[in-house]
Amino acid sequence: MSFPESSSRPYEECGVFGVWGVPNAAALTALGLHALQHRGQEAAGIVSFDGEAFYQHKALGLVGDVFGNQDVIAGLPGEAAIGHNRYGTTGGTHVRNVQPIYADYAFGGLAVAHNGNLTNAATLRQALVKRGCIFHSTMDTEVIVHLIAISLYDTVIERLMDAAKKIKGAYSLITLTPDNGLLGMRDPLGVRPLVLGRMPGYEDKQGGWVLASETCALDIIGADYVRDLEPGEIVVINAEGVKSLWPFGDVGRRFCIFEYIYFARPDSILEGQSVYEVRTRIGGELARESGVEADVVVPVPDSGVPSAIGYAHESGLPYEMGIVRNHYVGRTFIQPTDQVRNLGVKMKHSANKAVLEGRRVILVDDSIVRGTTSRKIVDMVRAAGAKEVHMRITSPPTKHPCFYGIDTPSEKHLLAARHSLEEMRKAINADSLAFISFDGLYRALGHQGRPAENHTNCDACFSGDYPITLVDKDGKLIQQ
Ligand code: SF4
């Protein structure tokens with residue numbers, strides 16, 4: 001896995017979107033991908049199907065750059081399409097690593113878009129290469145494509161289920177086929193999200209179905225949220241409606257808790273919970289757990305905003321925009337020299353002196369990864385005249401890497417893995433530092449606290465409790 005040296009935040013890897021039985025499917029897919037842009041900014045792609053043939057367009061860049069031209073959309077005809085936003089970690093920045101992947105099989109064409117990470121991809125790849133499979137990319141997704149190809153089952157759905165039983169990991173998958181329509185699949189523990197929606201006006205007709213990583217992608221095209229796919233569920237969407245298959249049985253539920261804290265858009269509903277409301281409740285819990293004498297609550301935008309509102313509400317302190325974010329610096333901005341790289345935080349965030357000068361400031365942020373960004377933000381707030389800076393973090397300390405589709409640095413680069421709370425406070429130059437507790441975080445999700453057993457969520461990057469076997473960790477076999 002790679003993690004940009006210049007960055008100090010975890011990155012989401014990919015958003016997926018698909019529609020079936022709707023005119024201008026590619027245009028709707030481009031809009032859906034636009035709403036999911038926060039999940040990946042490196043590249044975007046769409047494959048459409050018009051009943052006869054598949055069409056594809058993929059390129060590096062933001063969705064608006066890749067699909068902003070009407071001629072490109074016109075070249076993707078049909079009433080079915082799937083799309084993908086990529087933030088690449090497995091594989092480099094090459095067009096051949098952009099999804100969806102399209103493959104011609106003996107039984108017909110199939111396109112796949114995938115979000116997440118397979119924890120046994122390297123092991124499976126080695127075995128597939130040994131038996132003669134030729135890979136064109138370095139993506140996990142291509143492993144699934146080959147597993148479907150070599151399966152001895154007859155139908156596409158049986159082959160997909162066969163492949164699903166061989167892969168391990170956290171993923172959401174969408175495929176498009178001529179005969180079976182649109183297929184969506186969530187990993188057995190439902191770590192990565194996938195929701196089902198429907199366009200209005202289709203109640204008495206075929207079609208109108210939508211699959212997306214988050215509900216914000218349904219909202220942009222006016223689709224109604226139907227439900228989240230259940231962990232381990234496959235949905236088959238075609239002229240016969242929506243049929244569910246369960247290849248894994250019930251093995252539990254471990255939705256990624258960091259989706260609520262940072263990755264998902266605040267206007268999304270995930271697993272029945274509003275991301276915005278969860279974040280405001282986390283802020284309230286933080287205020288109760290680690291309140292401090294101060295004059296103003298300031299979020300580190302954007303993900304810190306709802307939690308800072310919740311913190312301010314609970315503490316009775318005013319909420320103010322003490323940091324302003326420049327929205328025109330993309331997350332993929334290439335920082336070519338050390339001098340420009342050192343300016344990185346200031347290019348993205350500016351301190352608002354009118355709010356900060358002479359005041360005791362509570363800063364609310366989502367996480368501390370390496371600590372470098374937090375240090376720069378605290379220094380920037382002090383330079384703007386703040387008397388005191390109290391950092392409050394809406395996640396527990398990030399002590400472990402994620403192997404389930406979120407790009408985080410290795411343990412040796414995680415500040416919390418190597419330092420005590422006091423050492424971290426000093427490293428980021430804050431007057432005080434506090435993280436939400438595990439119990440506080442789970443209370444914000446509606447539980448009594450963190451369940452001792454039968455956890456409802458994955459929180460491995462904080463707890464080290466990895467719910468899915470890590471076969472390929474650091475390229476070595478560590479568990480079977
Ligand atoms: S390890 Fe952390 S970021 Fe990764 S899936 Fe689990 S909770 Fe989410």
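**A chat about the model**

Visitor: Where does V369 lie?
Guide: V369 is in the loop between strand 21 (360-365) and helix 14 (372-383). Helices (H or I, at least four residues) and strands (E, at least two) are DSSP runs, numbered from the N terminus.

Visitor: What am I looking at, and how is it numbered?
Guide: This is a predicted model, in which local features need pLDDT of at least 70 and side-chain atom pairs count only at pLDDT 80 or more, while totals for chains, interfaces and linings use all residues. Residues are numbered from 1 along each chain as its sequence is written, and side-chain values use heavy atoms, with hydrogens and water left out.

Visitor: Back to V369. Buried or exposed?
Guide: V369 counts as buried because its relative accessibility is 2%. The classes are: buried under 20% relative accessible area, exposed over 50%, partly exposed in between (1.4 Å probe, protein chains only).

Visitor: New topic. Which residues are around the ligand?
Guide: V191, R192, C256, I257, F258, C402, Y404, I406, C458, D459, A460 and C461. A residue qualifies if one of its heavy atoms lies within 4 Å of the molecule.

Visitor: How does that shell split by class?
Guide: Ten are nonpolar, none polar and two charged. Ala, Val, Leu, Ile, Met, Phe, Trp, Tyr, Cys and Pro count as nonpolar; Asp, Glu, Lys and Arg count as charged; the others, Gly among them, count as polar.

Visitor: Which helices each supply at least two shell residues?
Guide: Helix 8 (257-263) and helix 18 (460-463).

Visitor: What kind of space does the ligand take?
Guide: The largest cavity. On a 1 Å grid over the protein atoms alone, a cavity is a set of points where a 1.4 Å probe fits but cannot get out. A molecule sits in one if more than half of its atoms lie within 2 Å of its grid points.

Visitor: Switching to serines. Where is S48?
Guide: S48 is in strand 3 (residues 43-49). S48 is buried because its relative accessibility is 0%.

Visitor: What does the S48 side chain reach?
Guide: The backbone oxygen of L76, at 3.4 Å. That is a polar contact: a pair of N or O atoms within 3.5 Å, where within protein one must be able to donate a hydrogen and the other to accept it, and residues adjacent in sequence count only if both atoms are side-chain atoms.

Visitor: Which residues is S48 in contact with, beyond its neighbours within four places in sequence?
Guide: A53, F54, Y55, L76, P77, A80, A81 and L176. Contact means heavy atoms within 4.5 Å.

Visitor: And S137, where is its place?
Guide: In the loop between helix 4 (121-130) and helix 5 (140-150). S137 counts as buried because its relative accessible area is 5%. A polar atom of its side chain lies 3.2 Å from the backbone nitrogen of M139. Leaving aside neighbours within four places in sequence, S137 is in contact with R96, N97, R125 and E142.

Visitor: What about N117?
Guide: N117 is in strand 7 (residues 108-118). At 6% relative accessibility, N117 is buried. Its side chain has a polar atom 2.9 Å from the backbone oxygen of F403.

Visitor: Now the backbone. Where are the cis peptide bonds?
Guide: One joins Q99 and P100, with omega about 0 degrees. P100 is in the loop between strand 5 (80-86) and strand 6 (101-105). Another runs from P301 to D302, with omega near 5 degrees. D302 is in the loop between strand 18 (296-299) and helix 10 (304-315).

Visitor: Which non-glycine residues have positive phi here?
Guide: Among them are N24, at about 55 degrees, and N429, near 65 degrees. N24 is in the loop between strand 2 (15-20) and helix 1 (25-35). N429 is in the loop between helix 16 (421-428) and strand 24 (432-435).

Visitor: Exposed or buried?
Guide: N24 is exposed, with a relative accessible area of 57%. N429 is partly exposed, at 26% relative accessibility.

Definitions and conventions: On a 1 Å grid over the protein atoms alone, a cavity is a set of points where a 1.4 Å probe fits but cannot get out, and a pocket is an open set with protein on both sides within 12 Å along at least five of seven lines; lining residues have an atom within 4 Å of a point.
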